[in-house]
Amino acid sequence: MRILHLECNMGASGDMLMSSLLELHPDPEGFIQRLNGLEIPGVTVQANSAVKCGIIGTQIVVTVNGAEEGSGDIFHEHNHEQNHEHNHAHEHHHHGMPEVGHIIGHLNIPTGVKNDARAVYSLIAEAESHVHGKPVDQVHFHEVGTMDAIADIVGVCLLMEELKPEQILASPVHVGSGNVRCAHGILPVPAPATAHILKDVPVYGGMIRGELCTPTGAALLKHFCSEFSPMPVMKVQKIGYGMGKKDFEIANSVRAFLGET
């Protein structure tokens, strides 16, 4: 059986997962060209080499209208004041689930990939709805964060489709510790939406201070992984290193193992 095992010792984000899976793909450059060819509004995806603690891997950078998304917090309340570090030009451009569904629905990707992407986004929207006490149809996302997340989610769903693992497993998820600054102020790690998505998933904190698992990373793991356990006995054929943006004393990467049991 063809197995994919994701090592989440440093948590997971959408871009880290996409980077690690891209390293397993037989044609990474061609894949990035096709992803950019989907023309997700305003989005450009780049795969760069990155080194963490001396180990080389891939780091995905998503830019939206030339701006790189910095925050993992993509929720935006309708009446929320723009007092955080955010481009005021985006003030009136917020997306809810219908808009996200519309964008995904119009991409030139297989139906199964669209369904996966919508399901992942629904997990995020449900978590935000629960945390903020708003109906799902009133959940709005930051524009840049939305497009950034759509690129990550569609990229991961498409890679899963093309790598065709028969079973997807992940290690227990390291969520980090301390606090994270987001649109609403300073919140504990894991951020409430991430914590909600990761219910029933084995997680742990640790010495690392910072947010290691983002809502997008959590939703992708929750949707695709049938089990969260240490690596099973398997013959590994390929290993991918997906590098995070931050630097810690431990190599900040998701490691993906593709092989056979």
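Analyst: Let us begin with a cut-off: a residue is called buried under 20% relative accessible area, exposed over 50%, and partly exposed in between. The model before us is predicted.

User: How is that cut-off applied, for instance: is Lys164 buried or exposed?

Analyst: Lys164 has a relative accessibility of 52%, and therefore it counts as exposed. Lys164 belongs to the loop that runs between helix 5 (143-163) and strand 5 (167-170). Its backbone also deserves attention: phi is near 50°, a positive value in a residue other than glycine.

User: Which other residue has a positive phi although it is not a glycine?

Analyst: Cys53 does, with phi of about 50°. Cys53 is placed in the loop between strand 2 and strand 3. These two strands form a hairpin with 2 residues between them, and Cys53 is in the turn.

User: How many bridges join strand 2 to strand 3, and in what sense do the strands run?

Analyst: Strand 2 (residues 43-52) and strand 3 (residues 55-64) are joined by 10 bridges and run antiparallel.

User: How should I read a strand that has partners elsewhere, and what are the partners of strand 14?

Analyst: The general idea is that in a regular strand the side chains alternate between the two faces of the sheet. As to the partners, strand 1 (residues 2-7) pairs with strand 14 in the antiparallel sense over 6 bridges, and Leu4 stands opposite Leu258. Strand 13 (residues 235-243) is joined to strand 14 by 8 bridges, and these two also run antiparallel; here Met243 stands opposite Ser253. In strand 14 (residues 253-260), 6 of the 8 residues are buried, so the strand is largely enclosed by the rest of the structure.

User: Turning to helices, which residues of helix 3 are buried?

Analyst: The general idea comes first: an α-helix has 3.6 residues a turn, so residues three or four places apart point the same way. In helix 3 (residues 97-105), the buried residues are Met97, Val100, Gly101, Ile103 and Ile104. Viewed down the axis of helix 3, these buried residues fall within an arc of 160°, so they line one face of the helix.

User: What span should helix 4 have, and how far apart are its end C-alpha atoms?

Analyst: Helix 4 (residues 111-132) has 22 residues, and at 1.5 Å a residue it should span 32 Å; the end C-alpha atoms are 31 Å apart, which agrees. Its buried residues include Val113, Ala117, Val120, Tyr121 and Ile124; Lys114 and Glu128 are among them too. Gly133 follows helix 4 and has a positive phi, near 65°.

User: Where is Pro190, and what joins it to Val189?

Analyst: Pro190 is in the loop between strand 9 (185-188) and helix 6 (192-197). The bond joining Val189 and Pro190 is a cis peptide bond, with omega of about -5°.

User: Finally, how many cavities of 30 Å³ or more does the structure hold, and which residues line the largest cavity?

Analyst: The structure holds 1 such cavity, and about 30 Å³ of space lies in the largest cavity. Its lining consists of Leu6, Leu17, Val156, Met160, Leu220, Leu221 and Phe224. Helix 5 and helix 7 (215-224) are the elements that give two or more residues to this lining, and helix 7 gives the most, with 3 residues. By class, the lining has 7 nonpolar residues, no polar and no charged.

How values were computed:
Residues numbered from 1 in each chain as written. Predicted model: local features only at pLDDT ≥ 70, side-chain atom pairs only at ≥ 80, totals over all residues. Heavy atoms only, no water. Pairing = 2+ DSSP bridges. Helix = DSSP H or I, 4+ residues; strand = E, 2+ residues; numbered from the N terminus. Expected span 1.5 Å × (residues − 1). Buried < 20%, exposed > 50% of the residue type's maximum accessible area, 1.4 Å probe, protein only. 1 Å grid on protein atoms, 1.4 Å probe; cavity = no way out; pocket = protein on both sides within 12 Å on 5 of 7 lines; lining within 4 Å. Points joined across faces, edges and corners; volume = space filled by probe spheres on them. Nonpolar A, V, L, I, M, F, W, Y, C, P; charged D, E, K, R; others polar. Arc of directions from axis to C-beta.
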